[in-house]
Amino acid sequence: MSRKSKPPIALYSALADTTRCRILEILKTAPTPVHVLTEAFSISRPAISRHLRVLKSAGLVAEVKKGRENVYAFRPAKLDAARTWLETIRSAEALSEEVVEEAPVAVVAEAPIAPKPVRAPKKKPAVSAERPAKDPVPAQTTPAPSTNQMGFDF
């Protein structure tokens with residue numbers, strides 16, 4: 001894969017959330033301050049700020065400080081990287097379809113399937129009345145891998 005056709009993973013990760021997509025829809029009309037964006041959602045301002053941080057790190061929004069406000073603007077030119085990558089994949093798909101249509105079809109004989117061996121059931125040892133059965137040792141649980149507050153493991 002050449003350097004130009006590298007998939008824009010950060011861009012797709014940013015677009016993978018419905019809240020962030022809705023933020024971009026709002027920002028496409030005009031640059032908007034954070035407090036106005038917050039009014040359009042039923043989530044907190046810090047949550048909106050975290051979504052904006054993800055969009056900013058992907059290059060989809062630009063932040064401009066105007067006095068005490070942070071105003072965010074949509075940068076649609078950054079979507080060109082995704083469009084270019086998708087077109088590269090689409091053209092490669094069209095080429096592979098042509099190659100498949102031109103290639104001769106080989107007939108492969110199916111190998112006979114051997115039956116699976118039958119196993120005898122295991123017998124459980126009898127538990128005597130004198131000695132109670134041991135409690136099994138509780139399994140050790142490992143903590144889940146750490147993820148950030150947005151649910152992504154960057």
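Q: How far apart are Glu25 and Arg22 in helix α2?
A: Glu25 and Arg22 are three residues apart there, which puts about one helical turn between them. This is a predicted model.

Q: What do the side chains of Glu25 and Arg22 do?
A: They meet in a salt bridge, with 3.5 Å from N to O. In general, side chains of opposite charge can pair when their charged atoms come close.

Q: Does that pair count as buried, exposed or partly exposed? Start with Glu25.
A: Glu25 is partly exposed, at 41% relative accessibility. Arg22 is partly exposed as well, at 39%.

Q: OK, how many salt bridges in total?
A: The count is three.

Q: Which residue does Arg83 meet in a salt bridge?
A: Arg83 pairs with Asp80, at 2.6 Å from N to O. Both residues sit in helix α5, which covers residues 79–102, and they are three residues apart, about one turn of the helix. Arg83 has a relative accessible area of 47% and is partly exposed. Asp80 is partly exposed too, at 34%.

Q: And what does Lys56 pair with?
A: The side chain of Lys56 forms a salt bridge with that of Glu63, at 2.6 Å from N to O. Lys56 is partly exposed, with a relative accessible area of 40%. For Glu63 the value is 29%, also partly exposed.

Q: Back to helix α2. What about Arg20, buried or exposed?
A: Arg20, which lies in helix α2, is buried and has no salt bridge.

Q: What is the nearest side chain of opposite charge to Arg20, and how far away?
A: That is Asp17, 4.4 Å away.

Q: Which side chain does Arg20 join in a polar contact?
A: The side chain of His51, at 3.1 Å.

Q: New topic: the sheet. What is the strand order?
A: The order is β1-β3-β2, in an open sheet of three strands with antiparallel pairing. The edge strands are β1, residues 32–33, and β2, residues 61–66, and each of them pairs on one side only.

Q: Which strands does helix α2 touch?
A: Helix α2, residues 18–27, packs on the sheet and touches β1, β2 and β3. Its direction makes about 90° with that of β3.

Q: How many bridges between β2 and β3?
A: Six, in the antiparallel sense, with β3 covering residues 69–74. Among the facing residues, Ala62 stands opposite Ala73, and Lys66 stands opposite Glu69.

Q: How many residues lie between the strands in that hairpin of β2 and β3?
A: Two residues lie between them, and Gly67 takes a positive phi near 70° in this hairpin.

Q: And how many bridges for β1 and β3?
A: Two, again in the antiparallel sense. Pro33 stands opposite Val71 in β3.

Q: What holds paired strands together, in general?
A: Strands of a sheet pair through backbone hydrogen bonds, either parallel or antiparallel. In this sheet the pairing is antiparallel.

Notes
Residues are numbered from 1 along each chain as its sequence is written. This is a predicted model: local features need pLDDT of at least 70, side-chain atom pairs count only at pLDDT 80 or more; totals for chains, interfaces and linings use all residues. Side-chain values use heavy atoms; hydrogens and water are left out. Two strands pair if DSSP finds at least two bridges between them. Helices (H or I, at least four residues) and strands (E, at least two) are DSSP runs, numbered from the N terminus. Contact means heavy atoms within 4.5 Å. Axes are lines fitted to C-alpha atoms, for helices over the stretch in contact, and angles run from 0 to 180 degrees between N-to-C directions. A salt bridge is a side-chain nitrogen of Lys or Arg within 4 Å of a carboxyl oxygen of Asp or Glu. Buried means under 20% relative accessible area, exposed over 50%, partly exposed in between (1.4 Å probe, protein chains only). Lys and Arg count as positive and Asp and Glu as negative; His and the chain ends are not counted. A polar contact is a pair of N or O atoms within 3.5 Å; within protein, one must be able to donate a hydrogen and the other to accept it, and residues adjacent in sequence count only if both atoms are side-chain atoms.
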